[in-house]
Amino acid sequence: MSHTVTASITATTQPAVERVQHQPNMAGDNALRLAGLAKRFGTTSVFDDIDADIGHGEFITLLGPSGCGKSTLLRAIAGLTPLDQGSIHVGQDDITELPPQQRGIGMVFQHYALFPNMRVVDNIGFGLRMQKVSRNERERRVDTVLRLVELSDQAHKFPHQLSGGQRQRVALARALVVEPRVLLMDEPLSALDARIRRHLRDQIRDIQKSLGLTTLFVTHDQEEAMLMSDRVFLMHQGRILQQDRAETLYTRPSGSAAAGFMGHYNLLDAVEAEPLLGFRPQSARVALRPEALYLSLDGRPFGGDLPPRVGPALSGVVRRHRLLGNIVRYEIVGSTLTLNIDTLNRSTRTLLVEGTQVNMYADLDEVQELSE
Amino acid sequence: MANPAPVPLPAQSRRLSSLPTLNLYGVVLVAVFTSLALPLLATLGYALASRWGATLMPDGLTLSWFIELWTTPRFLAAAGRSLLVTIGALVLSLVLILPVAMLAQTRYPRLEHWMNTLTLMPFAVPPVVSSVGLLQLYAGGPIPLVGTPWILIFTYFTIALPFMYRTMTNSLRAVDVSELMEAAQLLGAGPIKAFFLVILPNIRAGVQIAIFLSFSFLVGEFVFANMLVGTRFETLQVYLNNMRGASGHFTSALVITLFVMTLILTWLGTRQAEHTVKEAAR
């Protein structure tokens with residue numbers, strides 16, 4: 001057994017990696033189309049009206065607070081939870097009614113779901129064994145993905161002998177080796193500690209790009225979503241509020257729910273916003289990012305020059321400051337409203353102490369009028 | 001020259017602190033062990049004695065009682081019947097209980113509540129009472145089973161049920177059954193294949209423990225065997241009961257044989273259990 005494995009490792013050369021990398025492209029159109037998906041448990045709706053077109057090789061993040069239905073949506077796409085309405089297409093194929101084992105969809109679970117009775121190689125080879133791939137071919141392909149996730153030296157260990165990060169990489173390799181048309185990942189990094197999480201995040205993204213794999217990634221972590229995705233789908237209370245590129249989602253949230261979840265927006269209603277903007281906004285609510293607000297101290301700009309178009313000065317008092325590393329977030333209380341304002345943390349000497357009188361200005365080009 | 005003096009001190013203090021506790025522990029252990037082992041040793045001695053009458057020690061040692069027992073066709077037949085009934089009951093309970101435990105764990109959590117109540121029934125109803133009930137049920141009517149081995153297989157199934165179900169539920173709980181099933185299915189395995197390749201190997205140890213231990217107490221079962229089937233289908237315990245008028249040496253050999261059989265099975269079961277604990281601790 002060990003002899004044949006060593007033999008196949010030495011026999012497998014670089015072209016094998018390239019072959020796997022180009023396989024998904026040759027497999028044809030792997031775009032994912034969701035149309036009118038809905039799911040109810042009893043009378044409560046878990047998600048509703050889910051429509052999305054995901055391009056071939058695109059990395060999509062489903063971002064939302066816990067309980068927004070994003071994991072259930074992922075499970076429904078995998079076929080693990082039945083749908084009440086709607087259809088799912090991968091490429092030209094309608095997979096809505098297919099059982100999970102026939103969908104050609106790979107999935108990585110939050111808690112790895114590795115088979116405890118099997119070694120790493122057998123865990124990864126399981127899918128190929130189900131496809132009745134010959135033993136030699138199986139060993140070769142397992143070997144290739146093992147190198148892709150940098151675990152060749154752990155091949156003959158059992159899952160319980162591995163660290164969390166290693167286990168999740170095995171789970172990823174196990175899903176990749178069968179060359180799924182779509183890869184689903186259900187909060188795969190949530191159970192890992194911060195350092196491993198950052199490393200694995202970049203690794204997942206690199207592998208996904210090199211394989212051109214259509215990927216749907218679920219997370220509640222805004223940073224993860226912004227760093228990894230081609231597009232982010234923001235989910236809230238069972239609906240997709242906004243589908244956009246990360247930077248658009250961040251600077252142009254469509255509604256107050258989106259603004260409330262992204263960044264640390266100051267959400268103001270029209271009456272509150274009037275003295276800061278110098279006019280009454282058309283919409284009922286406006287959103288202002290803390291870094292699009294400016295301060296002046298004793299008549300001089302503080303923490304950066306004012307932008308070309310600012311609203312009138314509004315006086316306030318520093319209630320507290322929070323040091324976020326490279327950024328200081330001030331909470332400043334005016335006569336009618338309280339605002340969070342970010343400045344760059346250039347030097348500890350210039351920190352504003354509690355009780356300091358300041359003026360606040362809004363960058364009028366960055367004011368987000370919200371539709372709801 | 002000055003060195004050797006301090007050496008005895010630590011040794012002495014160690015002896016002082018550990019000796020009394022060790023002694024107490026040892027005394028209790030020896031007392032318990034002796035009281036448990038003495039009857040068995042006496043039986044073993046009697047089984048090995050050629051004659052043990054008025055004297056304190058047996059007259060001589062012999063294996064002839066064992067040889068006589070092991071060559072008695074009636075004994076061998078009884079042993080065969082016991083094996084048949086016990087293995088039949090275990091196979092039946094495995095085939096029926098494992099799927100139920102599996103479904104209760106994954107798809108129908110409400111089933112677990114009912115199973116918990118059901119598994120208490122064999123404890124709540126004494127064997128003498130339930131055997132009368134079973135006799136009434138199976139004496140006539142469409143399925144006259146009294147006197148056949150079938151009735152014993154079904155009855156033993158009910159005795160083994162709580163034990164088998166509990167052990168299997170615990171093993172299933174130790175692995176995340178639904179997630180493993182889902183992972184296997186997404187990799188292309190049908191539910192049946194997923195169960196045999198992914199779930200069963202992970203609960204194998206628990207199932208083995210349940211089987212070994214159930215086997216050892218089912219082989220020793222007497223009340224149901226005697227009440228329901230009696231001499232028409234003589235099992236080991238019924239045979240032992242029927243032989244009580246025979247030579248004491250002969251029945252002693254029978255008792256020792258039964259004991260060793262049970263001992264080996266229990267030992268196999270517990271060894272498996274320890275092995276599993278070590279596995280889990282790794």
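**Reading sheets, domains and helices**

A: Gladly! Let's begin with a sheet: in chain A, 6 strands make an open sheet in the order β6-β7-β8-β3-β9-β10, with mixed pairing. Strands and helices here are DSSP runs numbered from the N terminus, a strand being E with at least two residues and a helix H or I with at least four. Two strands pair if DSSP finds at least two bridges between them.

Q: Which strands stand at the edges of that sheet?

A: Those are β6 and β10 (239–244) of chain A; each has a single partner strand, so one side of each is left without a neighbour in the sheet. From one strand to the next, the twist averages 20°. Angles like this run from 0 to 180 degrees between N-to-C directions, and axes are lines fitted to C-alpha atoms, for helices over the stretch in contact.

Q: Before we go on, what kind of model is this, and how are things labelled?

A: This is a predicted model, in which local features need pLDDT of at least 70 and side-chain atom pairs count only at pLDDT 80 or more, while totals for chains, interfaces and linings use all residues. Residues are numbered from 1 along each chain as its sequence is written, and chains are lettered from A and ligands numbered from 1 in the order in which they are written.

Q: How many bridges join β3 to β8 of chain A?

A: Strand β3 (residues 59–63) of chain A and strand β8 (residues 214–219) of chain A run parallel and are joined by 5 bridges. To find the pairing on screen, look for I60(A), which stands opposite L216(A) in β8(A).

Q: What joins β16(A) to β17(A)?

A: A hairpin does, through 3 residues. Strand β16 (residues 327–334) and strand β17 (residues 338–344) of chain A pair in the antiparallel sense over 7 bridges, with I332(A) opposite L339(A) in β17(A).

Q: How does the domain assignment divide chain A?

A: Domain bounds come from an automatic or database domain assignment. For chain A, that assignment gives domain 1 (4–258) and domain 2 (264–370). Their C-alpha centres lie 41 Å apart, and 4 residues of domain 1 are in contact with 5 residues of domain 2. Two residues are in contact if their C-beta atoms, placed from the backbone, lie within 7 Å.

Q: How many residues does each chain give to the contact between chains A and B?

A: Chain A gives 20 residues and chain B gives 16. On the side of chain A that touches chain B, the elements giving two or more residues are β6 (105–108) and α4 (120–130) of chain A. By class, that side has 12 nonpolar, 7 polar and 1 charged residues. Ala, Val, Leu, Ile, Met, Phe, Trp, Tyr, Cys and Pro count as nonpolar, Asp, Glu, Lys and Arg as charged, and the others, Gly among them, as polar.

Q: How are two packed helices described?

A: By the angle between their axes and the distance between the axes. In chain B, helix α6 (residues 149–174) packs against helix α8 (residues 191–219) at about 155°, with their axes 9 Å apart. That makes α6(B) roughly antiparallel to α8(B). Angles under 35 degrees count as roughly parallel, over 145 as roughly antiparallel, 65 to 115 as roughly perpendicular and the rest as oblique. The contact of α6(B) with α8(B) has 13 nonpolar, 5 polar and no charged residues.
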